[in-house]
Amino acid sequence: MSIAADSGRAGRLYKSIAKTLRHDIESGRFAESEVLPGERALCETYEVSRTTLRKAIVELIAEGVLFHRHGAGTFIHRSTPRVDQPSSRLTSFTEDMELRGFVATSRLLEKGVFLPTPEEAMMLGAGPNERVFRLRRLRLASGTPMAIENAVVPLRFLPDWDRFDGSLYDALSAKGHRPMRGLQRLRAILLNEADAATLGVEPRSPALYIQRIAYLPDGACVEFTRSWYRADTYDFVSELALSPAPRKTRR
Ligand code: GLP
């Protein structure tokens with residue numbers, strides 16, 4: 001191969017590595033840390049030479065995706081998304097993020113079928129022996145951890161739970177069980193150490209704890225979800241209207 005052709009191929013290669021790396025950052029592959037893994041590990045992962053990797057990194061630094069801190073390494077620039085969420089719409093995390101131009105992804109923390117805890121059985125209106133699908137996920141917006149969500153769904157609504165991947169509401173819709181109505185309760189809390197580490201914030205950082213119970217049109221309860229949203233990424237917005245004054249009752 002001629003020198004010109006060879007250097008053309010190398011040029012395309014580093015561009016394609018930069019593209020793959022950018023995509024991996026956005027989809028949360030390195031979400032646990034702000035620091036990019038070391039050169040050797042990245043060269044092995046992407047099967048490229050150090051020269052190619054360095055050129056790709058320089059390109060991503062120029063784009064503002066990465067930045068270099070002298071003596072400390074290469075960091076991922078996370079401009080924390082801030083989301084205004086109308087509190088009256090029954091939407092999924094995926095829909096909420098896509099609407100705002102972010103790529104919604106999840107990291108699976110736990111998934112399985114269990115008997116419900118007394119609290120889950122009560123919230124879902126399920127019998128103590130009715131099995132439930134439990135799903136614990138870290139939810140990310142374009143690579144930034146936003147929330148931890150523990151969803152519990154009666155197994156009869158998602159019998160092929162082991163094939164589940166992606167959006168819970170999409171999976172339920174595909175089975176004809178899209179939640180139609182919901183009740184949501186919000187409370188301010190401080191994150192414990194483990195949840196704070198998963199979300200990439202300091203222990204005892206403030207968060208919004210949200211409980212959602214969602215129903216099908218026939219009134220059956222399809223979902224009981226507890227979420228811990230980082231307080232620095234989420235604003236819940238409520239629309240308020242003046243309701244007719246309550247009529248005074250005569251004694
Ligand atoms: C929101 C709700 C959850 C719901 C989830 C479904 O985050 N708070 O109660 O389970 O959306 O999201 P997805 O369909 O993206 O999995």
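Me: By class, how many nonpolar, polar and charged residues does the lining of the second largest pocket have?
Reply: This is a predicted model: local features need pLDDT of at least 70, side-chain atom pairs count only at pLDDT 80 or more, and totals for chains, interfaces and linings use all residues. On a 1 Å grid over the protein atoms alone, a 1.4 Å probe fits but cannot get out of a cavity, while a pocket is an open set with protein on both sides within 12 Å along at least five of seven lines; lining residues have an atom within 4 Å of a point. Ala, Val, Leu, Ile, Met, Phe, Trp, Tyr, Cys and Pro count as nonpolar, Asp, Glu, Lys and Arg as charged, the others, Gly among them, as polar. For this pocket the lining has three nonpolar, five polar and five charged residues.

Me: Which element supplies the largest share of that pocket's lining?
Reply: Residues are numbered from 1 along each chain as its sequence is written, and side-chain values use heavy atoms, without hydrogens and water. The second largest pocket has a volume of about 210 Å³. Its lining has 13 residues, with Ser106, Arg137, Phe164, Asp165 and Gly166 closest to its centre. Six residues of the lining, the largest share, come from β4.

Me: How much space lies in the largest cavity?
Reply: The space taken by the ligand is this cavity. Its lining has 22 residues, and Thr91, Phe93, Glu149, Arg212 and Tyr229 lie nearest its centre. By class, eight are nonpolar, eight polar and six charged. The space in the cavity is about 250 Å³.

Me: Which element gives the largest share of the shell around the ligand?
Reply: The ligand is surrounded by 14 residues (a heavy atom within 4 Å). Four elements each supply at least two of the shell: α4 (93-99), β5 (132-141), α6 (168-174) and β9 (221-230). The largest share, four residues, comes from β9.

Me: Which residue has a side-chain N or O atom 2.4 Å from an oxygen atom of the ligand?
Reply: A polar contact is a pair of N or O atoms within 3.5 Å. A backbone N or O atom of Tyr169 lies 2.9 Å from a ligand oxygen. For a polar side-chain atom of Glu223, the distance is 2.5 Å. The residue at 2.4 Å is Thr94.

Me: What percentage of the ligand's accessible area does the protein cover?
Reply: The Glu223 side chain lies 2.5 Å from a ligand oxygen. On its own, the ligand has 400 Å² of accessible area (Shrake-Rupley method, 1.4 Å probe). The protein covers 99%.

Technical notes: Polar contact = N/O pair within 3.5 Å; in protein donor to acceptor, adjacent residues only side chain to side chain. Sits in = over half its atoms within 2 Å of the grid points. Points joined across faces, edges and corners; volume = space filled by probe spheres on them.
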